[in-house]
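Open the model in your viewer and keep the selection tool ready. The stops below are meant to be followed in order.

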Amino acid sequence: MAEEQSPETKASARQFMTGLMSAPPPMATTTSGGDGVDMAAWKSTYKAAPCKDSTLMEQFWSIYDPSSTSIWTMVYDEADSNENLNDTIEIVTDFLKQTESIQDHCFGVVHTLESLEIEGLWFFNGPDPEQLFGANKGSSWYTWCQVGPDANELVKKAVAGLLAPTDGRLNGRVIKDTQSFC
């Protein structure tokens, strides 16, 4: 079962995340940038990558356009209620199945950690995950935070940590399962 964090630890984590997150740009810049990216092509690229490494990240940043796409993290709010790894993995599997109706609109990678926490990263055409929220009621069980929109070094590091984690770890925590919405 996941360990409850102290208020000080939570405040420190929020402060750290504030440095990664920014307010969304004015509406005119997030909706005027075109149709977004070809998600099917990006999903094929991700699936075909023999290694989830810097080469894959270069490909990701070459298609990312903050005027027509957005990047969001998700964290499962009820991790302290998870009792075993298989059931926790099933939560992710069910979430991804319920998202299939918008498969042309988004891409996601979701990790189940040894601590039974669930964290993921999503890439959307458009300024926000609103279409996902409408398609998948389960999205309300997660906290969603936009990363960026500017692709500065902190943002790139945070995105790489979720899309291409090293040594089977996410921020030092062991990843037990990874599922992608491809």
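**Before you start**

This is a predicted model, in which local features need pLDDT of at least 70 and side-chain atom pairs count only at pLDDT 80 or more, while totals for chains, interfaces and linings use all residues. Residues are numbered from 1 along each chain as its sequence is written, and side-chain values use heavy atoms, with hydrogens and water left out.

**Stop 1: the whole chain**

Show the protein chain as a cartoon: it has seven helices and six strands. These elements are DSSP runs numbered from the N terminus (helices: H or I, at least four residues; strands: E, at least two). Followed from the N terminus, their order is α-α-α-α-β-α-β-β-α-β-α-β-β. The chain has 182 residues, and 40% of them count as buried. Buried means under 20% relative accessible area, exposed over 50%, and partly exposed in between, with a 1.4 Å probe and protein chains only. A contact is a pair of heavy atoms within 4.5 Å. Among contacts between residues at least 6 apart in sequence, 78% join residues at least 24 apart.

**Stop 2: the nonpolar cores**

Select Phe60, Ile71, Phe123, Val159 and Leu163. In the largest nonpolar core, which has 24 residues, these five touch the most other members. Such a core is a set of buried Ala, Val, Leu, Ile, Met, Phe, Trp, Tyr and Cys residues joined through side-chain atoms within 4.5 Å. Two or more residues come from each of helix H3 (39-48), helix H4 (54-63), strand E2 (106-113), strand E3 (118-125) and helix H7 (153-163). Another core, of 17 residues, lies apart from this one; Met74, Tyr76, Cys106 and Val110 are among its members.

Now center on Phe60. Leaving out residues up to four places away in sequence, Phe60 touches Trp42, Ile71, Phe123, Val159 and Leu163.

**Stop 3: H3 against H4**

Which way do H3 and H4 run relative to each other? Their packing angle is about 170°, and their axes are 10 Å apart. Axes here are lines fitted to C-alpha atoms, for helices over the stretch in contact, and angles run from 0 to 180 degrees between N-to-C directions. H3 and H4 are therefore roughly antiparallel. The cut-offs are under 35 degrees for roughly parallel, over 145 for roughly antiparallel, 65 to 115 for roughly perpendicular, and oblique for the rest. Select Trp42, Thr45 and Tyr46 of H3 with Leu56, Gln59, Phe60 and Ile63 of H4 to see the contact.

**Stop 4: H4 against H7**

H4 and H7 pack at about 125°, with axes 11 Å apart, which makes H4 oblique to H7. From H4, select Met57, Phe60 and Trp61; they meet Val155, Lys156, Val159, Ala160 and Leu163 of H7.

**Stop 5: Leu170**

Leu170 lies in strand E5 (residues 169-170). Is Leu170 buried or exposed? Its relative accessible area is 2%, so Leu170 is buried. Beyond four places in sequence, Leu170 touches His111, Leu113, Glu119, Gly161, Leu162 and Ile175. Leu170 and His111 are 59 residues apart in sequence, and their C-alpha atoms are 8.4 Å apart in space.

**Stop 6: Thr99**

Finish at Thr99, in the loop between helix H5 (85-97) and E2. Thr99 counts as buried, at 0% relative accessibility. Not counting residues up to four places away in sequence, Thr99 touches Cys106, Trp122, Leu132, Asn136 and Phe181.
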